[in-house]
Amino acid sequence: MSLFKKKKSDRILPQHVAIIMDGNGRWAKKRHLPRTAGHAAGSKTFKDIARYANKIGIKYMTVYAFSTENWKRPQAEVDNIMGILRQYLKDTDQFKHENIKLQFIGGRERLPEDIRELMAKAEEDSKDFTGMHLNIAVNYGGRDEIVTAVKKIIAAGTKPENVTDELISKNLYTAGQPDPDFIIRPSGEYRLSNYLIWQSAYAEFWFSDVLWPEFGPRHLEEALDSFSDRNRRFGGV
Ligand code: IPE
Ligand code: IPE
Ligand code: MG
């Protein structure tokens, strides 16, 4: 911790912020509302935080929207989350004003056809945008991502001596992007839940008890101040 609070202009921003948007269900439960109300509120928080992060100059952001394990949930909840995603994708015009470049990471085969088409369209429509690069992880799992990368590498006939860190990174969904250097998880859980397990090798972490629907710009600011105060050594001295 530094003795004096840094001026905003001196603050070191992470290059790539990754967020585990967790706690929607508990937020709803606290209010005696159905879990669906929690996901609706969480979706609004997501839009507000993405807009805010872009405004303050974050270059890359990745948000965890649906994991490879979330299919285990009751079908009605899965359908509800897919419905929210579909609505969001139909409404991505909002990002035109923000200049945000969208990318979806995760396996698409298992997603409904219309959602896959809307995803491809959103990526195509925003590909030349120069603002924040926003990855939305849907049917994403870190292990699944690594398995998929290994399959691609083997299918290309790669010789064992040519398998390197860089080659694996290049075959992940996040190819060409800087690794996330800051991972935020609200909701009081202290785990990665299969998120960006390769890319997070040297990431800094920030945990908070706040539930995702209550997460506001002030929480992001608090997290960013904490990041800026850290001494990253990468194994050196
Ligand atoms: C995160 O909130 C949203 C998804 C995983 C899709 P949860 O639905 O996991 O909320 P809690 O953890 O039950 O509170
Ligand atoms: C992680 O949250 C996945 C998303 C936020 C999309 P979960 O609620 O699924 O994680 P666990 O089950 O608490 O580990
Ligand atoms: Mg959860």
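Helices (H or I, at least four residues) and strands (E, at least two) are DSSP runs, numbered from the N terminus. With that in hand, welcome to this predicted model, whose protein chain has 8 helices and 6 strands. Residues are numbered from 1 along each chain as its sequence is written, while chains are lettered from A and ligands numbered from 1 in the order in which they are written. In this predicted model, local features need pLDDT of at least 70, side-chain atom pairs count only at pLDDT 80 or more, and totals for chains, interfaces and linings use all residues; side-chain values use heavy atoms, with hydrogens and water left out.

**The chain as a whole**

- Taken along the principal axes, the box filled by the C-alpha atoms is roughly 50 × 50 × 35 Å.
- Of contacts (heavy atoms within 4.5 Å) between residues at least 6 apart in sequence, 76% join residues at least 24 apart.

**Surface and charge**

- Buried residues make up 47% of the 237 residues, where buried means under 20% relative accessible area, exposed over 50%, and partly exposed in between (1.4 Å probe, protein chains only).
- The protein chain exposes about 12,700 Å², with 54% of it supplied by carbon and sulfur atoms; accessible areas come from the Shrake-Rupley method with a 1.4 Å probe, and for residues only the protein chains shown count as cover.
- There are 37 positive and 32 negative side chains, and the centres of the two sets lie 3 Å apart.
- In that count, Lys and Arg are positive and Asp and Glu negative, with His and the chain ends not counted; the place of a charge is NZ of Lys, CZ of Arg, CG of Asp or CD of Glu.

**Helix 2**

- Helix 2 covers residues 35-55, and its 21 residues reach 30 Å from first C-alpha to last, close to the 30 Å expected at 1.5 Å a residue; the expected span is 1.5 Å times one less than the number of residues.
- Its buried residues include G38, H39, A41, F46, I49 and Y52.
- After helix 2 comes G57, with a positive phi near 100 degrees.

**The loop between helix 7 and strand 5**

- N171 sits in this loop, between helix 7 (165-170) and strand 5 (182-185).
- N171 counts as buried because its relative accessibility is 17%.
- Apart from neighbours within four places in sequence, N171 is in contact with A149, K152 and I153.
- P178 belongs to the loop between helix 7 and strand 5 too, and it counts as partly exposed because its relative accessibility is 23%.
- Leaving aside neighbours within four places in sequence, P178 is in contact with Q15, H16 and Y60.
- P178 and P213 are 35 residues apart in sequence, and their C-alpha atoms are 28 Å apart in space.

- S193, in the loop between strand 5 and strand 6 (204-207), has a positive phi of about 50 degrees although it is not a glycine.
- At 29% relative accessibility, S193 counts as partly exposed.
- F234 lies in the segment after helix 8 (217-228), and its phi is positive, near 50 degrees, in a residue other than glycine.
- F234 is partly exposed, with a relative accessible area of 49%.
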